[in-house]
Amino acid sequence: MKTILTVFLTVFIVTCSFSQIKPLKRKAVIKESVIKKNPRIIKNDTLKNIRLKPSVINIAQRYIKKTMIFPSAEEVIHNASPTFKYSLLGGESGITKTIILTVVKLSDNPNWIAEDNIILQEEIESNLNNTTTKNFSNLSLELNNAYAWNIELKGETPIEDDMNWNVFYYFKKGIIISDEDPHVCNTKYIGNPSFKDKSYWKTTSTSFRTNTNTNTVSNGHDDMGSGSILNPNTIIYQKLQTPIRKDKNYQLKFSLNQKNQKSKFKIKAIAFNGTLNSLTPTSDIAIMTVSGTIPNKNDWSKITLSAWEAHKGFESIALIFMPENRKATINLLLDRVCLDEVESACDQNNLTFGIDNAQGDDSITVTNNEYWAGSVQDLYPDQDTSNADWYANIADEECQSIGGEDSEDDQVVLNVQEEQEIEEANEELKTIAKELEKSAPKMFVPLNTITPIQQNEKDIKCSKKDRVLDNSKPFGGRDIIYIHGLQLQAILGNLKSTPTFQGKWPENKNAFYKDGGIYSTGDVDQDGEYYNEAMKGHDGKPGYWENHIKRGLGSLTSPSNSFLIVTYSANQRLDVSIHAVLTQIKEAMEGNNPNLQRSKNALSTGECFGSNGIVVITHSTGGLLASTMFGIAEQSHTNQRLRDYYGDVRFITDKIDAQIGFDAAYGGSRLAEIGKNVLAKVTNNALLAQLATQYFTNNKVDLNDYVDITHLRQLDANGTILTDLTPSVSANLWRPYMASTIPTLTMTGSTIGNPHESAVAKPMMTKAGNYFIKGYDDGVLSPVSQANSRNDFSRFKVKNRGKLVDKGHRDNKKDGVIHASKQGQHSNIGTRNYYNTPYLSPTGMLQGNSVARIIDPTNNHVPNHHTVLQTSGDHYDNVDLVNRYSQYSYLKTKGSGSEGPIINNEETGIVFNSALYSTGLLNRDFSGLNQELIRNEKWGFHAPKITMVRKCIRLFRKERCIKLPKISWHYYEYIKWQRKYHLLKDYETKIGMDYMYEYILR
């Protein structure tokens, strides 16, 4: 009986297992364990080096060694139709034998070589003592599976101990193989991650529920529990078992089933303390991350969100599920929520394997995100963010900018022909500037008509009154003086056949006042043309200060603060203009200036102008005039030359608490060198002539309506304020007077793109600025002039050029920023222009990790001149053209390509001197207004992750073990690029002047 059973088993093995491809019916005992090995990425063709063990076949008393060469044992292949390779050694060479090659697909089925697992079995004629290779066109392996293959000689009886099968795997190149259980969480932050206990998770939606008995177990999910998300924008939250710790890096992971979800959606993760009463970041609410748009996956998948560094401790987290379409529904199952700690938030947000690893029905999903991360003050608690110097401390922060290292977007090339034309024009302008300086008369030479200003009893009486301030009003209710910039109509008037704006100070004082003031002549009152230009405008355009005052003080006729409009003539030099302004201020203090508009409170109390203090608001040339006037007044007590010209006028400026300069020309303008010569067409340069012609056309001036050029030369000899505006004169002659005790707080502008000629009041100026001011500019002035910096340029040595690319904006604006940063400063040797600080772009983008070295120092300002904020607006945005498009918009400028106009509406707080807060000049709340805006592009995709599981079966007397891949699907997000921006709160609905009125001296 024993002999019969042995024969029966031998026949059974030969017949069923190898020759006749019938399944083995005997049951097997299974053992399973996770194979431990280091997680890694398959980059080579083999999992490890395999020592091949040949099989031995008994043929007619002689042995033939059978070696299966490829795929070898535990080989990883990347081809769905591999070429098999084997050899037969022994016997007589030249003899051909028939080999049966069998391929089976392995699964959890214990009978892994059963007939229904066989996917290929072919007979092959093979020569002994030779290597055979064979490919099968009818074989197509399925991705992410394990297979085994075997060869046997047809008709021969194998030896049981040599029944070898080579197990191999078909994976996509780059797939991740790990020993880590995808469902295990290595930390204990989350309570009840599997939703089996309803007490842990709270919700704002009545439709949220936990499931404890649904059959949801699959390869991508390991238990019966889950949470159901059934309403759009559902919020679930819980108090953590262990609080989030400051400066630690965290990453949220969870399982998600989208089987019934039809539309795409995003997930926002929030960390918070106390009660979650808002989704907006505050000191106790932080945005951890916002996912990209997650594509559909009809099964469970593991979601991993972007990593985040905690800037403080938090006790709770929340998840919000937001459909892409607001009207769409949500139907999700959620499970296994894990808050994991990671080494680096920045590294974790960049894939460590090729993005071509994406698999499944969905291709890569590209999402452009924009969200507020919180206030800069809250996000950087270890930094003194009240002072802009702190940006140097985070310059090398690795996550400040992500992407752009290839610098392809940086390849904006300046137009060589245009640059040559500009340089030729510049040479001509230098000659013009020298001629202007030579022809300029001496300053402070008393004229018969100019007399020193004297203080009288009324001035003294008003000065003794105690101040009564009201912080509900701009500047605490202080009175305001408005000093306009260059009135180009006054210059243009010289070119007409019947010249206009010919009134001179002090000979024709009536030209400077409303109704002519006390100097009016004749029976009919008529506004002086300089006053009229400042308040009423011309040709349907608003007056210089009209819209500004309406926005800042609420009304022209019933303002919150008393205000005075002072005027001067652009056809006279700065020293005369200062005398005109000081005289008008004194007259307002005495109540004798019709340009003064009193507030309702001042009318009822009869208070003197200036008794509560004065704030001087200036624009453009007005800033040069005011700062020079302050210094002259303070020196007029001891400087006899100044006293003979102006008198001792400290009693006037003693009432002035501060100057606020909007795009002010403290350092002059290159465009002043164009001046009268360009406007008079006394140039042979084609570019200058083009700009002049454009200016005339847009200001409705007949090009044939010119006076003789001798008139202009005579005007030059007398001197105009254009001479004072040339950078060399403003720096060398006037800057020594500017270091007064009166603080000046400035707002600078730097517009991007070329101005729309139809929308700009002075398009020649802004367009010329783009040509002749090297680097950033507001269309008329450079940042160094507006900030009263003693630098000629602002430059830094660049590294990581690609990270300077402002990828958060459309190509036309992005290219405009790059162009200005390169212009005229030898960018080919790695030098770039900066705006106010090399660490911030004009759009508020952080760019510190592109700064190798600062060439020209920041904050190199004339004493007591302080930058408060920077804007991307143009020269006129905060004065006469406040409302050019809408209540809030800045100038829309032209950009390259077909993307439409560029919107320049950014403001960023940029304070270099923290003492502005302690002295009360600037409200401390201003230091907390900068908010961090994050813009990024995320690429999301599903990809499988393999965990190799060891399975053992006992086949007859021998235990055989194989390794099977256990697949779980994972959703990965790769940050293609990311940029951070520091912008003032509500920048989208405010302009620069709003912040100055709200936070200075209040």
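These legends accompany close-up views of aromatic rings in a predicted model.

**View 1. The ring pair of Phe84 and Phe136.** The model holds 26 aromatic pairs, one of them formed by Phe84 and Phe136. Their ring centres are 6.0 Å apart and their planes meet at 55 degrees, so the pair is classed as tilted; an angle over 60 would have made it edge-to-face. Phe84 belongs to strand S6 (residues 83-89), while Phe136 lies in the loop between strand S9 (130-135) and strand S10 (145-153). Phe84 and Phe136 are both buried.

**View 2. The ring pair of Trp734 and Tyr737.** This pair is also tilted, because its planes stand at 45 degrees, between the limits of 30 and 60 degrees. The ring centres of Trp734 and Tyr737 are 6.3 Å apart, within the 6.5 Å cut-off for pairing. Trp734 has a relative accessibility of 0% and therefore counts as buried. Tyr737 is buried as well, because its relative accessible area of 14% is under 20%.

**View 3. The cluster that includes Phe84 and Phe136.** Ring pairs join Phe84 and Phe136 with Tyr147, Trp149 and Phe168 in a cluster.

**View 4. Arg935 over the ring of Tyr981.** The charged end of Arg935 is 4.7 Å from the centre of the Tyr981 ring and sits over that ring.

**View 5. Lys976 over the face of Trp939.** Lys976 is placed over the face of Trp939, with 4.8 Å to the ring centre.

How values were computed:
Residues numbered from 1 in each chain as written. Predicted model: local features only at pLDDT ≥ 70, side-chain atom pairs only at ≥ 80, totals over all residues. Heavy atoms only, no water. Helix = DSSP H or I, 4+ residues; strand = E, 2+ residues; numbered from the N terminus. Buried < 20%, exposed > 50% of the residue type's maximum accessible area, 1.4 Å probe, protein only. Lys NZ or Arg CZ within 6 Å of the ring centre and 35° of its normal.
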